[in-house]
Amino acid sequence: MGFLIRLLVNALALYLVTRVYGGVSFAPGADVVSIILAALVLGIVNALIRPVLLLLSLPVNVLTLGLFTLVVNGVVLWLVAGLTALNVAGFGAAIVGALILTVISWLLDLVLGALGLDN
């Protein structure tokens with residue numbers, strides 16, 4: 001049940017990013033299944049590829065005091081856009097979209113915690 005809630009929260013966060021920021025959007029005709037699929041791919045990429053990218057970029061991340069993590073998150077979002085119906089206008093848009101996605105996901109996590117649904 002917790003996996004399903006997390007998947008739906010990620011899908012909602014992705015959808016809200018596309019509504020708030022014009023640099024990230026879904027392809028015309030994308031339906032709820034496309035949004036959920038993009039959230040699933042985002043979760044898989046975050047679990048498998050993002051840790052490798054963070055490890056490989058560790059020296060640069062240390063030099064930038066962690067700010068390079070924003071670039072890694074942008075790369076992850078750009079990769080998800082390449083695999084799903086998500087469209088990103090460019091690499092800068094991916095970084096901004098990833099930052100907005102992080103904030104929205106954090107806010108949704110706070111709401112889930114307040115509701116007692118944060119399994």
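How many nonpolar, polar and charged residues are in the lining of the largest pocket? By class, that lining has five nonpolar, five polar and one charged residues, where Ala, Val, Leu, Ile, Met, Phe, Trp, Tyr, Cys and Pro count as nonpolar, Asp, Glu, Lys and Arg as charged, and the others, Gly among them, as polar. The model is a predicted one, in which local features need pLDDT of at least 70 and side-chain atom pairs count only at pLDDT 80 or more, while totals for chains, interfaces and linings use all residues. Residues are numbered from 1 along each chain as its sequence is written, and side-chain values use heavy atoms, with hydrogens and water left out.

The pocket itself holds about 200 Å³ of space. A pocket here is an open set of points on a 1 Å grid over the protein atoms alone where a 1.4 Å probe fits, with protein on both sides within 12 Å along at least five of seven lines; lining residues have an atom within 4 Å of a point. Points are joined across faces, edges and corners, and the volume is the space filled by probe spheres set on them. Lining the pocket are Asn10, Leu42, Asn46, Arg50, Asn73, Val76, Leu77, Ala98, Leu101, Thr102 and Ser105. Helices H2 (32-48), H5 (68-83) and H6 (91-115) each give two or more residues to this lining, and H6 provides the largest share, four residues. Helices (H or I, at least four residues) and strands (E, at least two) are DSSP runs, numbered from the N terminus.

H6 runs for 25 residues and reaches 36 Å from its first C-alpha to its last, close to the 36 Å expected at 1.5 Å a residue; the expected span is 1.5 Å times one less than the number of residues. Its buried residues are Ala93, Ala94, Gly97, Ala98, Leu101, Ile104, Ser105, Leu108 and Leu112, with buried meaning under 20% relative accessible area, exposed over 50% and partly exposed in between (1.4 Å probe, protein chains only). The cover over them includes H1, E1, H2, H5 and E2. Just after H6, glycine 116 takes a positive phi of about 80 degrees.

Helix H1 (residues 2-20) has 19 residues and reaches 27 Å, close to the 27 Å expected. Asn10, from the pocket lining, is also among the buried residues of H1, along with others including Ile5, Leu14 and Val17. Strand E1 (24-26), H2, H5, strand E2 (86-88) and H6 are included in what covers the buried H1 residues. In H5, the buried set is Thr69, Val72, Asn73, Gly74, Val76, Leu77, Val80 and Ala81.

Two loop residues deserve a mention. Leucine 65, between helix H4 (58-63) and H5, has a positive phi of about 55 degrees although it is not a glycine, and at 80% relative accessibility it counts as exposed. Alanine 27 is found in the loop between E1 and H2 and touches Ala85 and Asn87, not counting residues up to four places away in sequence; contact means heavy atoms within 4.5 Å. Alanine 27 is partly exposed, with a relative accessible area of 24%.

As for the record, the UniProt annotation "transmembrane region" (unreviewed entry) covers residues 32-53, 60-81 and 93-117; its positions are given in the numbering used here, feature names are shortened, and annotations may be inferred rather than shown by experiment. Over residues 32-53 the chain is 95% helix and 0% strand.
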